[in-house]
Amino acid sequence: MESSAPEGRPDEVLNLNVGGCRYTTSRSTLTRFPNSMLGSMFSGRLPSNVDDYNSYVIDGDGPTFRHVLNFLRRSKLILPDGFKEWDILSAEADFYQIQDLIQAINDKREQIKEDLQKNKEQSETSQSCEFLEVEFECANGQWLIFGDSKLIDQLSAIKSCFVHMTNYKNQLKKAQVYGLTTPRGTSVNRLKLFKEISQHGFTLICTSSSGGDERSTDRWTFSREEDRPNVNNRNAEHLEY
């Protein structure tokens with residue numbers, strides 16, 4: 001229950017010393033909730049003390065009292081972004097026995113808890129994508145493929161082009177950044193390559209071509225959700241007894 005200054009009577013301005021911090025407010029603000037400790041104190045139902053500056057002394061947490069005072073003034077919880085001192089604020093609200101403030105704090109903390117849980121669930125369910133890029137350089141007849149080395153190593157259409165495995169392994173290590181280039185004079189079964197890529201759960205998302213003549217480069221970009229088991233592995237699981 002809230003109260004206010006009687007009509008026609010000027011509201012008394014009071015100075016407070018809360019844990020060494022100075023505040024100035026009105027008596028009607030401090031008695032807005034009559035059943036609270038402040039309501040009792042500033043309506044004369046509880047004893048009070050003043051310091052040498054004629055400020056009422058309250059043995060509470062000084063910096064935190066500004067949030068309590070703002071609630072008394074506006075009847076709503078107003079906190080800065082990134083506020084973290086919830087335990088202190090809860091203890092002060094309980095100390096002043098402002099039931100509406102206690103409830104507002106509990107509601108806000110529960111809302112934050114629910115938001116954090118929701119964000120956590122969204123983060124766990126959302127998946128980033130893995131990309132694989134294939135290029136064909138018409139001028140020299142070579143294929144260039146960018147992607148995870150473990151994945152590329154499973155593409156027999158590419159691996160079979162290499163006779164010297166040392167060169168293949170050296171390129172494979174840097175395939176994510178620099179790509180793996182097939183040797184000159186070798187051919188790649190394009191349909192077999194694309195079929196193998198699709199069997200690993202990839203989908204074609206983009207095609208492009210640059211140059212427009214015999215020096216052009218054709219490009220295919222594939223993507224899949226990360227950590228997705230490939231089709232071959234799933235089929236193998238279904239065949240096990």
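Biologist: Among contacts in the protein chain between residues at least 6 apart in sequence, what percentage join residues at least 24 apart?

Modeller: Happy to start there, with the reminder that this is a predicted model. The protein chain holds 10 helices and 8 strands. For its contacts between residues at least 6 apart in sequence, the share joining residues at least 24 apart is 58%.

Biologist: Thanks! How many of the residues are buried, as a percentage of the protein chain?

Modeller: The accessible surface of the chain is about 15300 Å², and carbon and sulfur atoms account for 47% of that area. Out of 241 residues, the buried part is 36%.

Biologist: Let's turn to Leu30. Is Leu30 buried or exposed?

Modeller: Leu30 sits in helix α1, which spans residues 27–30. Its neighbours beyond four places in sequence include Leu14, Leu16, Leu69 and Leu72, along with Phe42. The relative accessibility of Leu30 is 0%, and buried means under 20%, so Leu30 is buried.

Biologist: And how far apart in space are Leu30 and Ser40, C-alpha to C-alpha?

Modeller: In sequence, 10 residues separate Leu30 and Ser40. Gly39 and Leu38 are among the residues that Leu30 touches. From C-alpha to C-alpha, Leu30 and Ser40 lie at 9.3 Å.

Biologist: Now the rings, please. Is the aromatic pair of Phe42 and Tyr56 stacked or edge-to-face?

Modeller: By the ring-pair rule the count is 11 aromatic pairs. Phe42 and Tyr56 form one with 5.1 Å centre to centre and 75 degrees between the planes. The pair links distant parts of the chain, 14 residues apart: Phe42 is in the loop between α2 (37–41) and β3 (56–58), and Tyr56 is in strand β3. Planes over 60 degrees apart count as edge-to-face, so the pair of Phe42 and Tyr56 is edge-to-face.

Biologist: What is the angle between the planes of Phe83 and Trp86?

Modeller: Phe83 is buried at 14% relative accessibility, and Trp86 is buried at 10%. Their rings make an edge-to-face pair, 5.1 Å centre to centre, and the angle between the planes is 85 degrees.

Biologist: One last thing: which residue lies over the face of Phe136?

Modeller: Phe136 belongs to a cluster linked by ring pairs, together with Trp143, Phe194, Trp220 and Phe222. At 5.8 Å from the ring centre of Phe136, over its face, lies Arg190.

Notes: Residues numbered from 1 in each chain as written. Predicted model: local features only at pLDDT ≥ 70, side-chain atom pairs only at ≥ 80, totals over all residues. Heavy atoms only, no water. Helix = DSSP H or I, 4+ residues; strand = E, 2+ residues; numbered from the N terminus. Buried < 20%, exposed > 50% of the residue type's maximum accessible area, 1.4 Å probe, protein only. Contact = heavy atoms within 4.5 Å. Areas by Shrake-Rupley, 256 points an atom, 1.4 Å probe, with all protein chains shown as cover. Phe/Tyr/Trp six-rings, centres within 6.5 Å; stacked < 30°, edge-to-face > 60°. Lys NZ or Arg CZ within 6 Å of the ring centre and 35° of its normal.
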